[in-house]
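Hi everyone, thanks for coming.

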Amino acid sequence: MFYPAATMERDALFEIGRRTFDTPEFRGIEFIEVEAKSIINHVPGKFLPFNWTINPYRGCSHSCTYCFARVTHTYMDLNAGKDFESKIYVKVNAADVLRRQLASKRWKGDHIAMGTATDPYQRAEGRYKLMRRIIEALTDYRNPFSILTKGALIQRDIDLLVEAAKVTSVSTALSIATLDEDAWRKAEPGTPHPRKRIETVAKLNDAGIPCGVMIAAVLPGINDSRDQLREIVRAAIGAGATNVSPIWLHLRAVVKEEYMRWLADEFPDLVTRYDRLYVRSAYAPNADRKALSATVSDLVHEAGGLRLKPGIAPRFGHRRDQPPQQEPKGQQLALL
């Protein structure tokens, strides 16, 4: 969802069928069933808190206007707008390929992050149930992993996550950009209600599965007011979040064009502000990003700090220079 380097995967996908389901939750969506040669993807670059990812789906029915992964559909000669939201590639052999890769002598058991591009708990997962078999495989091989999602459907797999946590390192995070109803409905029309996601954070932590909250994406002029941020911070802390981390909107090529068209329709008065903020870079000015982090830190302190469930420790990023089970001391704003 928010890690640009993770989207550079251009894996070989072999189409085996196309399906549509005439049910309300899938109406208007075409599922393109494919077989993948590999499912564990290496992440290039030095600035991400993980080296390896699994993405069982390409495209996402959550339809978040700002999703950086939209560009990946252009690799398949599809568009980053409606096609990304309605033509979902399903890697139906994901679990079988994963077991083969985990069993390979070349695999060293490194931490694997899921949800770094398209959401593994989007609507398609309700039909295909790929994540259950993926979690079972990772558990059987005692391979550490983390999951980032906007999907309340992860609650379905709490039983498997509990079993996995008995034999390896497991952490989770819910992406919840705002509790503001208008901002949510306009910017993330296909996602579960943010209050449902807060409930999911609580249920995961109650079950002993560490779960934090990523406030992402924070959209200038839309969900970035102090009052809006205070509301989500307090809700996250009340749910036992292991950390609360804001991520400011970034707009790379292709995605920027899609987002700015949406902005002109929904918030035309903000177009000039965005043109100024993102004129030189895909990222907002460093001063703005630092101010956002400082504001959220202040709000966490104002709310009395994190209130972790018994037996849950704060979660920190898995660094490239240390094995996943080791964690740096002190609090930071990385979720996975």
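Let's start with lysine 186, which is partly exposed because its relative accessibility is 27%. Please keep in mind that what we're looking at is a predicted model. The partner of lysine 186 is aspartate 182, and their salt bridge has its closest N and O atoms 3.4 Å apart. Both residues sit in helix H6, residues 181–187, four residues apart, or about one turn of the helix. Aspartate 182 is partly exposed too, at 41%.

How many salt bridges are there altogether? The count comes to 22. One of them pairs aspartate 140 with arginine 99, at 2.8 Å from N to O. This pair links distant parts of the chain, with aspartate 140 in helix H4 and arginine 99 in helix H2, 41 residues apart. Aspartate 140 is exposed at 52%, whereas arginine 99 is partly exposed at 29%.

Next comes arginine 132, whose salt bridge with aspartate 157 has a closest N to O distance of 2.8 Å. Arginine 132 is in helix H4 and aspartate 157 is in the loop between strand S8 and helix H5, so the pair ties together parts 25 residues apart in sequence. Is aspartate 157 buried or exposed? It's buried, at 0% relative accessibility.

Now the cysteines. The structure has zero disulfides. For cysteine 64, the nearest cysteine sulfur belongs to cysteine 67, 6.3 Å away.

How values were computed. Residues are numbered from 1 along each chain as its sequence is written. This is a predicted model: local features need pLDDT of at least 70, side-chain atom pairs count only at pLDDT 80 or more; totals for chains, interfaces and linings use all residues. Side-chain values use heavy atoms; hydrogens and water are left out. A disulfide is a pair of cysteine sulfur atoms within 2.5 Å. A salt bridge is a side-chain nitrogen of Lys or Arg within 4 Å of a carboxyl oxygen of Asp or Glu. Helices (H or I, at least four residues) and strands (E, at least two) are DSSP runs, numbered from the N terminus. Buried means under 20% relative accessible area, exposed over 50%, partly exposed in between (1.4 Å probe, protein chains only).
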